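I am opening my notebook on a new structure and will write down what I look up, entry by entry. The sequence and the model come before my notes.

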Amino acid sequence: MQAEKDAEFVGAALDAGLRAARFSLPPSSEEFAASIEPKNVPAVFRGVLKGSAALSRWDPLYGGLDYLLEKVGPDVAVEAMMSNTGHVFYGDLRSHERVSILFSTFMQSCKSHLGHLNAASDSSKDKGIGKESTCSDKMCPARSENSEQLYLAQVSILNTENKDRSSLEVLKEDIQEPIFLKGKSFSSINFWMSRAHMRSSTHYDPHHNLLCVMAGCKKVTLWSPSASPFLYPMPVYGEASNHSCVSIEEPDYSSYTRAKYMKEYSERVILNCGDALFIPEGWYHQVDSDDLTIAINFWWKSRIMTEMLEHMDGYYLRRIMRRLVDTEMNKITQMSSFSHSERNNDFQSTDGLSGGQYFTPIKRHSGSQPFNKVTNSDTSDKKGAALQSLKPCTLQALYELMSLVHNSVEAVDQNDRAESASQDTSVCQNNERKKTAADDSSLLEKDPVAKIILPVEPLELRSMLLAMVHTFPRTLEGLVLNILGPTGAEILTRKFDEMDQGSTPEEQAEFYKIFYSAFGDQYAAMDALLNRKELYSFKVFQSVLDQYLRVRVDRPS
């Protein structure tokens with residue numbers, strides 16, 4: 001099990017085009033700029049740092065700690081992160097604090113820790129326990145018993161915006177940028193060092209990033225920005241808005257239900273000494289570091305962010321939100337895995353919203369006629385023919401729609417029960433809202449009409465609607481005006497679009513003329529469809545805001 005946790009991994013749901021590319025030889029700067037960086041997909045460069053001065057001089061196992069002590073000097077203070085959650089460093093400011101510490105003090109602490117590791121290793125050898133050390137083995141021998149741990153995180157070697165903050169600028173002499181980054185204008189170069197095994201929380205950065213391991217080993221788990229809904233990013237207005245809310249040690253799947261799928265959309269890569277990883281801006285990553293791991297990283301602005309004009313931000317925001325909403329709407333309305341539920345009880349479906357005739361279908365059996373004989377004197381052969389022409393599955397959909405209308409009318413007629421049911425429904429709806437926040441169940445699941453009409457082929461749906469116009473016009477009117485929900489309205493109008501694509505203009509005009517003739521007020525029917533389509537769009541908009549920005553808004557009145 002431990003070996004599986006320490007191995008590289010690619011989630012089953014991760015799109016092949018989003019998987020990290022691997023390079024055993026470094027590309028040229030031209031190839032990187034033209035073919036790798038623009039894809040905004042991670043890339044691993046094996047051994048790209050071999051031969052660099054930092055790699056040979058900083059290695060703790062070969063005197064690197066003494067070298068760094070002497071190079072930086074005894075009096076240089078750096079800012080470290082101190083965690084109050086053990087070896088896990090979360091982005092939330094409530095779980096850690098920034099403290100000033102002498103670099104030499106941290107190095108002495110690392111030397112002491114290295115001594116304990118060596119002693120543990122010698123003890124294992126004396127007991128006959130011998131095996132080749134691996135990335136994961138190095139992190140296991142010793143864990144700090146202190147609940148508070150220090151981590152040198154993002155200590156500046158180069159900072160183009162604030163040169164005074166570059167407390168470790170002297171180390172730049174040992175650093176040679178990889179050949180494929182030649183010509184890049186770096187925002188910063190940073191030093192990262194863990195004394196003992198540590199974990200950083202899942203987060204993204206607003207810059208392109210090249211993470212270079214100079215000593216030790218790091219395991220990096222990656223998620224595309226499109227996986228944001230599974231990671232529950234903190235609210236965009238918060239102090240740690242680029243971090244995930246989900247605990248990496250004990251995830252609460254009851255509160256963050258989508259997070260149980262996050263692994264399926266992830267990829268884990270292992271970086272050993274001399275390896276580098278390109279992490280594009282916006283890509284979520286969670287990092288595990290071994291004992292005494294040293295890394296540097298290069299940050300630079302992406303071309304996209306450089307070319308985004310500030311006065312266009314309002315448009316970019318609207319355009320991106322519109323695309324996210326459209327994508328989410330398509331996901332919901334293209335789900336076609338729903339089958340019609342079998343109803344064991346016969347039902348009486350009514351066209352009696354205005355006191356008209358009743359039609360009672362019986363449950364269909366193999367080889368039997370799907371309908372009882374209609375005895376009403378005004379029922380014509382044409383009406384019966386319209387129903388008989390429907391496919392069995394379409395008839396079943398028709399039965400279910402009629403049942404919805406009938407049950408609704410029956411509930412309205414029973415005033416006492418309706419009032420009580422209204423109170424119960426209010427409670428249920430409140431509970432449902434709470435449940436929705438927890439389980440994020442599909443809008444489709446909550447709309448019975450949508451579930452019924454979604455699997456029906458567009459032309460079959462047209463035939464069914466025409467049959468309803470001829471036979472049960474009041475039922476159709478009640479369905480559209482009173483029963484149809486926001487998701488159902490969206491799916492119905494999309495079906496109309498699909499019908500139009502397979503019809504001539506004359507056929508389209510004829511269909512809509514007949515369809516709207518079923519309504520006493522045709523404009524009321526159109527308004528109902530449009531208003532509910534807009535409500536559906538707003539519900540999806542709410543979902544997008546919650547999934548990507550962790551923001552909830554109410555609909556304007």
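How many bridges join β4 to strand β7 (residues 149-159), and in which sense do the two run? I find three bridges between β4 and β7, and the two strands run antiparallel. I note that two strands pair if DSSP finds at least two bridges between them, and that helices (H or I, at least four residues) and strands (E, at least two) are DSSP runs numbered from the N terminus.

Before going further I note that this is a predicted model, in which local features need pLDDT of at least 70 and side-chain atom pairs count only at pLDDT 80 or more, while totals for chains, interfaces and linings use all residues. Residues are numbered from 1 along each chain as its sequence is written, and side-chain values use heavy atoms, with hydrogens and water left out.

**Entry: strand β4.** I looked up Met82 and found that its bridge partner in β7 is Leu150. Five of the seven residues of β4 (residues 77-83) are buried, so this strand is largely enclosed by the rest of the structure; buried means under 20% relative accessible area, exposed over 50%, and partly exposed in between (1.4 Å probe, protein chains only).

**Entry: the open sheet.** I traced six strands that form an open sheet with mixed pairing, in the order β1-β12-β11-β14-β9-β5. Its edge strands are β1 (9-10) and β5 (88-89), each of which pairs on one side only. I then followed β5 to strand β9 (residues 198-200), which it pairs with in the parallel sense over two bridges, and there Val88 has Arg199 as its bridge partner.

**Entry: the cores.** I looked for nonpolar cores, which are sets of buried Ala, Val, Leu, Ile, Met, Phe, Trp, Tyr and Cys residues joined through side-chain atoms within 4.5 Å. The largest has 51 residues, and Leu465, Leu476 and Phe515 have the most contacts inside it. Helix α11 (residues 392-413) gives the largest share of this core, nine residues. A second, separate core has 48 residues, including Ala80, Val99, Phe180 and Leu292.

**Entry: Leu211.** I found Leu211 in strand β10 (residues 208-215), and at 8% relative accessibility Leu211 counts as buried. Leaving aside neighbours within four places in sequence, its contacts (heavy atoms within 4.5 Å) include Val220, Leu271 and Ile296. Leu211 and Trp299 are 88 residues apart in sequence and 8.9 Å apart in space, C-alpha to C-alpha.

**Entry: the whole chain.** I finished with the protein chain, which has 18 helices and 17 strands, and in which buried residues make up 46% of the 557 residues.
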